[in-house]
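Thanks for coming, everyone. Please bring up the sequence and the model, and we will walk through a few places together.

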Amino acid sequence: MSKKPDRRLTGQNRMLWLLDVLERDPRADAVIDVLTGRVRALPLGRARDGLHGRWLGHPVHPLAVQLPIGSWMSAAVLDLWPGRSREAGLLVGVGLAAAGPAALTGAVDWAELRRQQTRVGLVHAVANTAAVGLYGASLLCRLTGRSGAGRAYGFLGLTAVSLGGMLGGHLAYRQASGANHAEEVPHVVSEGWHRIGAVDEFPVGEPVRRAVDDVPVLVVREIGGTFHALAERCSHLAGPLSEGTVADGCVRCPWHGSVFRLSDGWNVRGPATAPQPAFDTRVVDGHVEVSLRREDGTQRPAGRETDGTPTEAEEDGGHEYSG
């Protein structure tokens, strides 16, 4: 019978141990399913991609929370100085006004996360909701002349929002929610052309998975023989694009619905905020070869590896580009 390792033996501190327990605790899953369903059902239209941050290239939520947190932190500093309650109250009100948009950006991101991430995210949201309630009470007390109670509620609110911020940091950095899961591809794939299979191995219009330097690559053959190749793991949460659907020159991730243009990997629909690394393609002697596209979008020199050595195709007298 297996026994869980003692936290003291693994050297894990109490906070990380509690967070690991939270990630594995399924008791709130029913609530999470209801809430994520309601967030996804919001009639946001194209604004949903804007809230995800597709226009910005990364999630908007970390940027949006700066105003409420900064306002509340500044209010706490002013509350330490006698006679500055009015100015502190103004900052509390600014933070409350900014909290709604910040919460909305966080909610649309949270609804598209993995189960372990949504569990932590739910507690993150509860802590921030408690902070909003406490700051609301703080503002009410200040407006009714009870400045001492207003300061007390303010410091309690700061404690709650700090806890929420810690959980948000865990989501972002430990659980990699919002991170670009395809960022490492250009640093792992070696330069030059890589043979990935015979032409007949790629049915027209069907996504096929291959690997280059142990990096999964999505390959799609169009009618007419044009080939497209992208990094296969979705930049949003590493979903398998080879199991997605291909239509209108794009591929749709089967996990959360992000859509990428096959010709260049551009993310035309979220929740992904980063494009997919794209590969140039060519057909040589009936085989498909790919080469990671440069950052400026240009193709590598035809038929040569980076060390200047002629390739097999060049020695045979040429090659054919496709894509």
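Let me start with a question: does Asp 214 count as buried or exposed? Asp 214 counts as exposed, at 77% relative accessibility. Here is the scale: buried means under 20% relative accessible area, exposed means over 50%, and partly exposed is in between, with a 1.4 Å probe and protein chains only.

Now some ground rules. This is a predicted model, where local features need pLDDT of at least 70, side-chain atom pairs count only at pLDDT 80 or more, and totals for chains, interfaces and linings use all residues. Residues are numbered from 1 along each chain as its sequence is written, and side-chain values use heavy atoms, with hydrogens and water left out.

The overall picture next. The protein chain has 11 helices and 11 strands. Those are DSSP runs, numbered from the N terminus: helices are H or I with at least four residues, strands are E with at least two. Of the 323 residues in the protein chain, 42% are buried. Take the contacts in the chain with a separation of 6 or more: residues 24 or more positions apart account for 57% of them. Contact means heavy atoms within 4.5 Å.

Back to Asp 214. Find it in the loop between β2 (208–212) and β3 (215–221). Ala 238 is not a glycine either, and has a positive phi of about 65°. Look for Ala 238 in the loop between β4 (227–231) and β5 (245–247). Ala 238 is buried, with a relative accessible area of 19%.

On to a helix pair. Helix α6 (residues 66–79) packs with helix α9 (residues 147–174) at an angle of about 140°, and their axes are 10 Å apart. That makes α6 oblique to α9. Axes are lines fitted to C-alpha atoms, for helices over the stretch in contact, and angles run from 0 to 180 degrees between N-to-C directions. Angles under 35 degrees count as roughly parallel, over 145 as roughly antiparallel, 65 to 115 as roughly perpendicular, and the rest as oblique.

Who makes the contact? From α6 come Ile 69, Trp 72, Met 73, Ala 76 and Asp 79. From α9 come Arg 151, Phe 155, Leu 158 and Val 161.

Now Asp 49, in helix α4 (residues 47–52). Asp 49 is buried, at 16% relative accessible area. Leave aside its neighbours within four places in sequence, and Asp 49 is in contact with Arg 54, Trp 55, Val 268, Arg 269 and Gly 270.

Gly 270 leads us on. A cis peptide bond joins Gly 270 and Pro 271, with omega about 20°. Pro 271 sits in the loop between β8 (267–269) and β9 (278–284).

One more loop. Gly 178 lies between α9 and α10 (185–188). Gly 178 is partly exposed, at 34%. Gly 178 and Ala 274 are 96 residues apart in sequence, and 9.8 Å apart in space, C-alpha to C-alpha.

Last stop, the cysteines. How many disulfides does a search of the whole structure find? It finds 0, where a disulfide is a pair of cysteine sulfur atoms within 2.5 Å. For Cys 253, the nearest cysteine sulfur is that of Cys 234, 4.0 Å away. Cys 253 is buried, with a relative accessible area of 2%. Cys 250 is buried too, at 14%.
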